[in-house]
Amino acid sequence: MAELLQFVITGVTVGMVYSLIALGFVLVWKSSGVANLALGQLVLLFSWFTFAMLVQVGSPIWLGFSLVILFALALGWIIERFILRPLIAQPILSLITVTLGLAYFIQGAVSFIWPKSVAALPDLFPEEPVQIGTAVVSQEYLWAAVISILLFILLSLYFRYNKTGVVMRATADDQMAVQACGIPVTRIFSLSWMLACVLAAIGGILISSIGGITFGLVETGLKAFSVVILGGLDSFLGAIIAGPIIGLAESLGGGYLTPLTWPGIREIIPFIIIIIVMFVKPYGLFGEERIERI
Amino acid sequence: MNVDLPAGTRNYSYAKDMAIFRTKTHWAWLLVALVFLFTGPLYWGEHWLSVANLIGITLIAVTGLNILTGYCGQLSIGHAGFIAVGAYTAAVLTNRLELPFLVGLISAGIIAGLIGMLFGIPSLRVKGFYLAISTIAAQFIIIFAINHWTSVTGGFMGISVPPASIGGITFISQGSQFYLIMAITAIVIFLAKNLARTRVGRAFVAIRDNDLAAEVMGVNLFRYKLLAFFIGCFLAGIAGSLFAHWIGFMNAENFTFMDSILYIGMMIIGGLGSTVGPILGVIFIRMLQQGMTFISPVLENTFSSLPAGFTTGIGPMVFGLIIVLFLILEPRGLAHRWSLFKASYRLWPFSY
Amino acid sequence: MNLKSPLKIAMALCLTLALVVIPLLGSGCASVPEETTLKVGFSICYTGPAAEKGRPMGDAKLDCMKYINEELGGVNGYPIEVIWRDNEYDAAKAATIVNELISKLCLLFTTNSSKMMQASAEIANRNEFPGFAVFSTPALTNPPRHIYAQMPDYGDDWAAFANYYLENIWQGTGTPKMAMHLLNNTTGYGARDAAMVLADEMGIEIVAIEEHTTTTISEIESLTRIRALNPDVLYISSTPQPTSIIVKNAVELGMYPGITIGCGHASFTKVLVDLAGADAEGVYGVFPTVSWGDDVPAMAKMTEYCQQYHPDDYGNMDYITCWAEALIVAEILRLAIENVGVDNLTPQAVEEYGFKKLDNFDVGGLHGPVSYTPGDNRLSKSVRVFEVQDGEITPISGWVEAPLIPYEFD
């Protein structure tokens, strides 16, 4: 029974880390309908940039973080302006493939600029793990969870009450109507990409402080897909809630099923969940159901 | 104005109207291409023959994907998983059960098709990117099952595959495999082109354009969507079987998610929804990849002191850059450019 | 198309340039040698997921070849012509590359990854083209054909560590309990296969086998299960990053220090210490080569070339492995020339009179002696046991030979 508490806590905290990445994905999808397949590589790039700022250049933490955020904003603007703007009216598959090309490019650029393939960020959080009952959880996970929730609250408030946030939601709903109101849609796309890159940067910093900076960050991005599907592709609330659910399922399912079946079944659980969700509630727990009319 | 045929060609019978190779020039080019292909093994080295074999195998798989995604509109980013199913079926049947190669080939296709149908069932409820995620899940579950079903598939250690053999002929050298693979590829492309022109093909296109309208017109969505998955994955299975015999050793690590994405990329760059699209896309991407393997050695040899990350990074960077530039300049793919070129050629010197 | 005209033209020009230059570069690869050269082929994972190991290994091979050609004048006076390609850790590319090396009449080839060798092995075996892999897996050398392994594989690591543990660390009575944490590919399962064959007769009880992926960020859940079974030793067969996660999680759960932790050679490099920090103190591991700075004959030259051409690689154990590999290639060619003469060199001759005549060749002390014994395609069979002491990987044993393990593969 003591294990149950440990599994639950680990699952929830690890799941919140997935939620972070999922938030970035949902943001881009919600405002422009593009599936950002380069998200994993963007996370990798920003982690390396943080490493460069903090370790190679040696700047203090507050300066390093601000530089990373600025870089993320700039990169988001560049990507949208030069890569996605020319493809505005094209079929969705071309957009997805262009993000794929972008992913390869970023991967190459990362190897180009930082030839060391593995690095560790300096310790950002205290080392001692926190005891909750009989379970232990390291501080990094707790901080990641807290920051995820904070970001979620900020984003939700922004989209609800801030004028630009409302405009972004409107763009996701009907681009032509927004254009008819006199708001340049391209500016909204820029903004959403910039924000998504900032989210990716924050997610990258948190995840790489847990496990170091490696190419594995890209695969963690894949886990975020299952979070996004479970929660609904266009719902922030869904991303935040589905993250811990997937983390819990991994943890509990892995914990109790592994002795019965194969080791490593933990990896498959998110994908099995996806298939089940597809059958039961295809648009996710909180996603908007698409109603088609002829 | 129809610019598919040269000016002055009139069709006076149904057979002529439906012919793929209609004019004498078409037949001449076909003959030249066939001669070129079939005398290839005489003067191409092992290296280029193996590249040609790889192109043929990929072409079969991408043609299947084109039928599924290009013609029927069901986005599938898990194709590498279905190819893996085909490859392992062929490997297990020819290695463990020692069945002949052709039995392995056809069973690989059928089993991959059936599994494809199974994972295609969500297509009845969801569309677009949601369906794509379901196929991504299919990819991972299939690879997991292959890795852990050790008694049958050899698990992580992999399974070796005997060379293909029909009757008494064993296909060991790249040249002999070339004939085998090209023959099968030609049959597959011919089937795909004709599929597009039949009732089934028209149903697929109707589903892609507007599936509710298609249903209203009487196209049975359930049946045709599953059929699309079956055909697409059947071809993936056949490609998998040929792949297994070509490499000789099967390991689930050969079929990654990045490969699935790459197949989609090949299809998009070639041009969705046309038969010649996959051909152009596959040749383009595979040759580009071969170019990438050259770049590092050449750069290292010419510049003796490059910064450390230069050669590691330059390959993927150039690859990604080319894909991005290509899509920005021609989002509808090489097939579109090709048809524009043909049209301008026919109308020259008049521009249109 | 809503891009301004000059930008569009610039992009089109860029694309055409890239597409035209690449084939030209590729064709510029073929150089016509004026004298007899000895052609060897290297298939290296310079880019792709395994680039962190592939690049320093590639650098080492090429640097050593430069050293052999420039300072030693080649092998018996004949320069070695290296044809190398980047296989990007992709099986299909590896297959086309090995075909290219065969068609370019290379005498032998090497790869540095077991997965790449698996993709190339069947084609090489069918063409009787000999080759060896730096990192190998039991399936490649059992049954022995034309593929050799330069160093002991992951199963051998386990056997060597288990031996050392039983003799020097285990102090209880009865049989010790071992839990294994494996990477979900041949690196991990190679160790498991060896354990399945040898554990009973060695006197070790395997109580748990857990699996993880290369990209895991937390193994608390699997370690909780392991902790409940009270093992005495945990063996991790993986790469540095997941190993560091497991070690850190074990410390958080209070399991370590307490049990003994041993690692396979794929993860026991400086990267592990960098990532795990102080948590890795006291972790054991096996590695088949010496460490940087040890006093062995080849260390001086290797350090010199490394500092001069690839200073970023200094301190990377994989560099040592491949410097030794290039020395072995030169030795094989030398033996073949001595036995059959340079005009009769074919891949089969190189295998028969080069590979199979290797007898206690000393790779400048960088790793155990290299010999061929019939029936055993591993060229070097010894490892050393190390421990992380004060943040440094320090050797604590001499060369331990790993016995031939009777696997059964079809």
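Modeller: Two residues are in contact if their C-beta atoms, placed from the backbone, lie within 7 Å. The model is predicted.

Biologist: How many residues of chain B and of chain C are in contact?

Modeller: By that cut-off, 44 residues of chain B are in contact with 47 residues of chain C. Helix 4 (46-71), helix 12 (221-247), helix 14 (276-302) and helix 15 (310-329) of chain B each supply at least two residues of the side that touches chain C. Helix 14 of chain B gives the largest share, 11 residues.

Biologist: What classes of residue make up the side of chain B that touches chain C?

Modeller: That side has 21 nonpolar, 20 polar and 3 charged residues.

Biologist: Which helix of chain A gives the most to the side that touches chain B?

Modeller: The contact between these chains takes 40 residues from chain A and 39 residues from chain B. Helix 4 of chain A gives the most to the side of chain A that touches chain B, with 16 residues. The residues of that side of chain A divide into 30 nonpolar, 8 polar and 2 charged.

Biologist: Which residues touch the most other members of the largest nonpolar core?

Modeller: They are B:Ala84 and C:Trp323, in a core of 346 residues. Domain 1 (38-152 + 293-379) and domain 2 (154-287 + 385-401) of chain C both give residues to this core, so the core lies between them.

Biologist: With which residues is B:Ala84 in contact, leaving aside its neighbours within four places in sequence?

Modeller: They are B:Ile142, B:Ile143, B:Ile146, B:Gly240, B:Ala252 and B:Phe255.

Key
Residues are numbered from 1 along each chain as its sequence is written. Chains are lettered from A and ligands numbered from 1 in the order in which they are written. This is a predicted model: local features need pLDDT of at least 70, side-chain atom pairs count only at pLDDT 80 or more; totals for chains, interfaces and linings use all residues. A nonpolar core is a set of buried Ala, Val, Leu, Ile, Met, Phe, Trp, Tyr and Cys residues joined through C-beta atoms within 7 Å. A residue is buried if 20 or more other C-beta atoms lie within 10 Å of its own, exposed if 12 or fewer, and partly exposed in between; C-beta atoms are placed from the backbone. Domain bounds come from an automatic or database domain assignment. Helices (H or I, at least four residues) and strands (E, at least two) are DSSP runs, numbered from the N terminus. Ala, Val, Leu, Ile, Met, Phe, Trp, Tyr, Cys and Pro count as nonpolar, Asp, Glu, Lys and Arg as charged, and the others, Gly among them, as polar.
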